[in-house]
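Colleague: Hey, could you walk me through this one? I'm new to it and would like to get my bearings.

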Amino acid sequence: MVKLYDKGVYLLNGTEVVEDARAIKEKTGKEISPAEASKETMAYRILKDHNTSGNMEQLRVKFDKLTSHDITFVGIIQTARASGLEKFPIPYVLTNCHNSLCAVGGTINEDDHMFGLTCAKRYGGVYVPPHQAVIHQYAREMLAGGGKMILGSDSHTRYGALGTMAMGEGGPELVKQLLNKTYDIKMPGVVGIYLDGDPRKGVGPQDVALAIIGATFGNGYVNNKVMEFVGPGVDKLSADFRIGVDVMTTETTCLSSIWKTDEKIREFYEIHGRTEDYKELTPGAVAYYDGMVYVNLSEIKPMIAMPFHPSNVYTIDEVNANLREVLHDVEQKALVSLDGAVDYTLQDKVVDGKLYVEQGIIAGCAGGGFENICAAADIIRGRYIGADEFTFSVYPASTPIYMELVKNGAVADLMQAGTIVKTAFCGPCFGAGDTPANNAFSIRHSTRNFPNREGSKLQSGQIASVALMDARSIAATAANKGFLTPATDLDVEFTGRKYHFDQKIYANRVFDSKGQADSSVKIKFGPNIKDWPKMAALPKNLLLKVVSEIHDPVTTTDELIPSGETSSYRSNPLGLAEFALSRKDPSYVGRAKEVQKAGKAIEEEQCPVEALAELKPVMEKIHETYPDIDRMNLGIGSTIFAVKPGDGSAREQAASCQKVLGGWANIANEYATKRYRSNLINWGMLPFITEESHDKLSFKNGDYLFVPEIRKAVEEKVSEVKAFVVGTGDSWKEITLKLGDMTDAEREIIRKGCLINYYKG
């Protein structure tokens, strides 16, 4: 089904995989090195076109367009305003698909929307009102273009199927683009995704995506690399099918994606009235990839990603055939994710030997596409979901899609069966819509199924389980009244309805400044929209208290700052910070605030020991070796340890919430994604790496780490720094912390204390 090559390979004429250079010479009559052939990938060409450094090893990228939604754009614009923003220099689209509910968590989210509209007018942007479209569907319909690059403040910013290399990053990276700066990275590796065969009837894009995620996530095969989709199987897939696979590449932890394009993609642009944005993309005659994933589409069966990660994949047939064993395996894995906070079982979902689920959802950028919903309607037509616990909701990804589904009768088929069809909203993906009941099991064609994401509140004993599936099998399960069923088990005639795009829907409602800024427009600020607090520059020496330890194999950004109802505070840095690690380590905020008192005392030229009495023996121990350390040359703050933090969402708040609570660093064995590490740096936090095994650390929660001459180490580009563990009693132990590769700009940002300070000078 899926095969990973154990080394780099050549691709000859876009179809033939060749594993060594000698065979290439025999076939072409030329000696072609990997370095030379790597320039023939589509990814290399696009990156070269957007690189401003003149050095393809050290890229400085300028994007063509930007996009954000209403959980992120307030903080981004506030950061840019504080850094000197006068006008959006490139098209910037502000969608409203996350905080769409007007009152959640005690704030009025419409205030954020009015902030966005007035900023679009003042700075020359585009504003998409709530319920019109989810961020990525609007980008597909209106922004994508062949050979272009788009940067979005949402991790699922992926438009590779349309020939657009798109990346999801934390907000500060968009701020840099708004200030005419660049996105600085090393040239990423490129991994080919070779599609072969033809999907069987009833298999959808989520099935293909989950198979790829299952094969690549755990081993990091495509981590921070570009996935380039090639091979004859691409031609067999519709544009919507490709889009459905593409959006899920984020869950492999890749950097971005790009696909070869053809007449089906040209037709997509034609349907949307943008033929001029189509560009044919294909790798060169001999292209070299750093790895290759071979996918036989014909062998893929309906898949399910069981709780609590998109990589926890099985075939649905496998689950049904080995139900008790699979559920036990899932429960054992959950012991790690849930830290024993709740009694977790799925065994009660077995009814008469079959797995019963309480909820089915098709939604968002992954599931809400036209073909997915049409297929679901075909499957459930003439059937009904029943009157028991099982519920079924469908969220079309945009109003134009919704309108076409109304016109062609798909909505009627769904609703007659008992389905509720709702407006474009990302809520079901992050816990703000269709939140399951306690102990309920939900199957969703959405992007993620992390713990703590779908409404679970472990500290209150609330737990729900979400599994990811394709819309087709979700509809088959709905037709079977909630009993898990692969779509391939049903004999369905898929109608293959044609899509027609109504341009007037957006023309009549979306505000488009056409790039014209109007400085006379006053920005509307709701009471929950707050400026960033003042942040200090990196001190000469640093004293860090470890205030949280996380030993999970991977820590998601949802665990660092929960989604769901907390989203309504995303415009209020201090208000949101109260929720940091709240579902993973509820004591974190209180511990961080205690340490922050000492840090603030130093900033106010007062004695830190008077603010935090426990510092007295710590400072005495430091003075035995470093007698000159005092409040004039010392900074005090907090840090956390996590094995591998940063999987999941691009949300910058996972880092900024720690910073506004006095955080100065993270310590990790490795960082799950480039974007989380970038978020740390952009908020002035040191991204330390320790090579000590997480279960044999020299420090523990509650210990202090003294890092002498840290400012000098950053300035002098030192890759390793020495630190001292000042534990309980009289302990004093030297350890080594690594900083990893950082650009000159990143070092300067950390030295200044954050990106805002960096731009203020």
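Predicted model: local features only at pLDDT ≥ 70, side-chain atom pairs only at ≥ 80, totals over all residues.

Colleague: Okay, what's the phi of Asn13 like?

Modeller: Asn13 has a positive phi of about 55°, although it is not a glycine.

Colleague: And is Asn13 buried or exposed?

Modeller: Exposed: the relative accessible area of Asn13 is 53%, and the cut-off for exposed is over 50%.

Colleague: Where does Lys717 sit?

Modeller: Lys717 lies in the loop between α27 (710-715) and β35 (720-726). Lys717 is not a glycine either, yet its phi is positive, about 60°. Its relative accessibility is 49%, so Lys717 counts as partly exposed.

Colleague: Switching to peptide bonds: is the one from Pro307 to Phe308 cis or trans?

Modeller: That bond is cis, with omega near 5°. To find the spot, look in the loop between β18 (303-305) and β19 (313-315), where Phe308 is found.

Colleague: Good. At what angle do α4 and α5 cross, then?

Modeller: Roughly 45°, and the axes of α4 (residues 73-82) and α5 (residues 110-123) come within 10 Å. The two helices are therefore oblique to each other.

Colleague: Is that crossing left-handed or right-handed?

Modeller: The crossing of α4 and α5 is left-handed.

Colleague: Which residues meet there?

Modeller: From α4 you have Phe73, Val74, Ile77, Gln78 and Arg81, and they meet Asp112, Phe115, Gly116, Cys119 and Tyr123 of α5. By class, this contact has 6 nonpolar, 2 polar and 2 charged residues.

Colleague: Why would residues three or four places apart point the same way?

Modeller: Because an α-helix has 3.6 residues a turn.

Colleague: Got it. How are α25 and α26 arranged relative to each other?

Modeller: They are roughly parallel, because their axes cross at roughly 30° and the cut-off for that label is under 35 degrees. The axes of α25 (residues 653-660) and α26 come within 8 Å. The crossing of this pair is right-handed.

Colleague: What meets what in that pair?

Modeller: Ala654, Ala655 and Gln658 in α25 meet Tyr676, Asn679 and Leu680 in α26. Those residues divide into 4 nonpolar, 2 polar and no charged.

Colleague: How many residues of α26 are buried?

Modeller: 9 of the 9 in α26 (residues 674-682), so the helix is largely enclosed by the rest of the structure. The buried residues include Lys674, Arg675 and Arg677, along with Tyr676, Asn679 and Leu680.

Colleague: What comes just after α26?

Modeller: Just after α26, Gly684 takes a positive phi of about 75°.

Colleague: Last one: where is Ser398, and is it buried or exposed?

Modeller: Ser398 is in the loop between β23 (391-394) and α15 (399-407). Ser398 is buried, with a relative accessible area of 1%.

Colleague: Which side chain does the Ser398 side chain make a polar contact with?

Modeller: That of Glu141, at 2.9 Å. Leaving aside residues up to four places away in sequence, Ser398 touches Gln132, Ala133, Gln137, Glu141, Ala424 and Tyr506.

How values were computed: Residues numbered from 1 in each chain as written. Heavy atoms only, no water. Buried < 20%, exposed > 50% of the residue type's maximum accessible area, 1.4 Å probe, protein only. Helix = DSSP H or I, 4+ residues; strand = E, 2+ residues; numbered from the N terminus. Axes fitted to C-alpha atoms, helices over the stretch in contact; angles between N-to-C directions. Parallel < 35°, antiparallel > 145°, perpendicular 65-115°, else oblique. Left-handed = near helix turned anticlockwise from the far one by under 90°. Contact = heavy atoms within 4.5 Å. Nonpolar A, V, L, I, M, F, W, Y, C, P; charged D, E, K, R; others polar. Polar contact = N/O pair within 3.5 Å; in protein donor to acceptor, adjacent residues only side chain to side chain.
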